[in-house]
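Colleague: I have a structure to go through with you. Could we take it topic by topic?

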Amino acid sequence: MRRERTDAARNRAKILAAAEAIVAAQGVRGLSMAEVAAAAGVGVGTLYRRFGDRSGLAYALIDRREREFQSAFIEGPPPLGPGADPAARARAFLEALADRTVEQLDLLLMAETAGPFARFGGAYDAYHGHLSMLVARLRPDADAYCLADALLAPLAAPLLAHRIRECGVEAARVKSALGALLDGLTG
């Protein structure tokens, strides 16, 4: 893996700090590439080369929290991390993922709707692999691959935003429903 040049790392930090400040002040809707470039003191071309577009910038803003979350379920303490039984780990994982999604809902909504398959790959693959493994341990006879998708589906940012903002469903209700699905898997 190539090391990032010092000036590139400095520009990246300035760009992300500027973008975070804009999102904090104006929300995701206020996030424009031109405004971020101006606030960071870099050219718009630099921003596009580095991040591609607004969704790429959104993913970069999401990245720090994502790394912390993945570290927690891969190597953190139980029940989210190793050491707990699969049912407790799956429940802790889904609840933590729901909380994390709600906390960055607008950024995730922008990132996940950038293209038809924008949600998939990267983090989704990590979540899917983790849940598939846990479901396979819970129910060796079940199709863990498809059941992992079924458990992750309610946490898609567009669906979660719709349920919370348009339908008045609270995140606790979504977490409770996911718990009921897990209970059904464990019998």
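**Arginine 165 and its surroundings**

Modeller: Leaving aside residues up to four places away in sequence, arginine 165 touches Leu105, Asp106 and Leu109. Please keep in mind that this is a predicted model.

Colleague: What joins the side chains of arginine 165 and aspartate 106?

Modeller: The two side chains are joined by a polar contact of 2.8 Å.

Colleague: And which helix does arginine 165 lie in?

Modeller: Arginine 165 is part of helix H9, which covers residues 157-166. Its relative accessibility is 44%, so arginine 165 counts as partly exposed.

Colleague: How far is the C-alpha atom of arginine 165 from that of alanine 90?

Modeller: The separation is 26 Å, for two residues that are 75 residues apart along the chain.

Colleague: Changing topic: at what angle do H4 and H5 pack?

Modeller: Helix H4 (residues 54-75) and helix H5 (residues 86-103) pack at about 170°, and their axes are 11 Å apart. An angle over 145 degrees counts as roughly antiparallel, and H4 and H5 are therefore roughly antiparallel to each other.

Colleague: Which residues make the contact?

Modeller: H4 contributes Ile62, Arg65, Glu66, Phe69 and Phe73, while H5 contributes Arg89, Phe93, Ala96, Leu97, Arg100 and Glu103. Of the residues in this contact, 6 are nonpolar, 5 are charged and none is polar.

Colleague: How many residues are in the largest nonpolar core?

Modeller: That core has 53 residues, and those with the most contacts inside it are Leu31, Val36, Leu57 and Phe93.

Colleague: What does leucine 31 touch?

Modeller: Beyond residues up to four places away in sequence, leucine 31 touches several residues, including Val36, Leu57 and Met110.

Key. Residues are numbered from 1 along each chain as its sequence is written. This is a predicted model: local features need pLDDT of at least 70, side-chain atom pairs count only at pLDDT 80 or more; totals for chains, interfaces and linings use all residues. Side-chain values use heavy atoms; hydrogens and water are left out. Axes are lines fitted to C-alpha atoms, for helices over the stretch in contact, and angles run from 0 to 180 degrees between N-to-C directions. Helices (H or I, at least four residues) and strands (E, at least two) are DSSP runs, numbered from the N terminus. Angles under 35 degrees count as roughly parallel, over 145 as roughly antiparallel, 65 to 115 as roughly perpendicular and the rest as oblique. Contact means heavy atoms within 4.5 Å. Ala, Val, Leu, Ile, Met, Phe, Trp, Tyr, Cys and Pro count as nonpolar, Asp, Glu, Lys and Arg as charged, and the others, Gly among them, as polar. Buried means under 20% relative accessible area, exposed over 50%, partly exposed in between (1.4 Å probe, protein chains only). A polar contact is a pair of N or O atoms within 3.5 Å; within protein, one must be able to donate a hydrogen and the other to accept it, and residues adjacent in sequence count only if both atoms are side-chain atoms. A nonpolar core is a set of buried Ala, Val, Leu, Ile, Met, Phe, Trp, Tyr and Cys residues joined through side-chain atoms within 4.5 Å.
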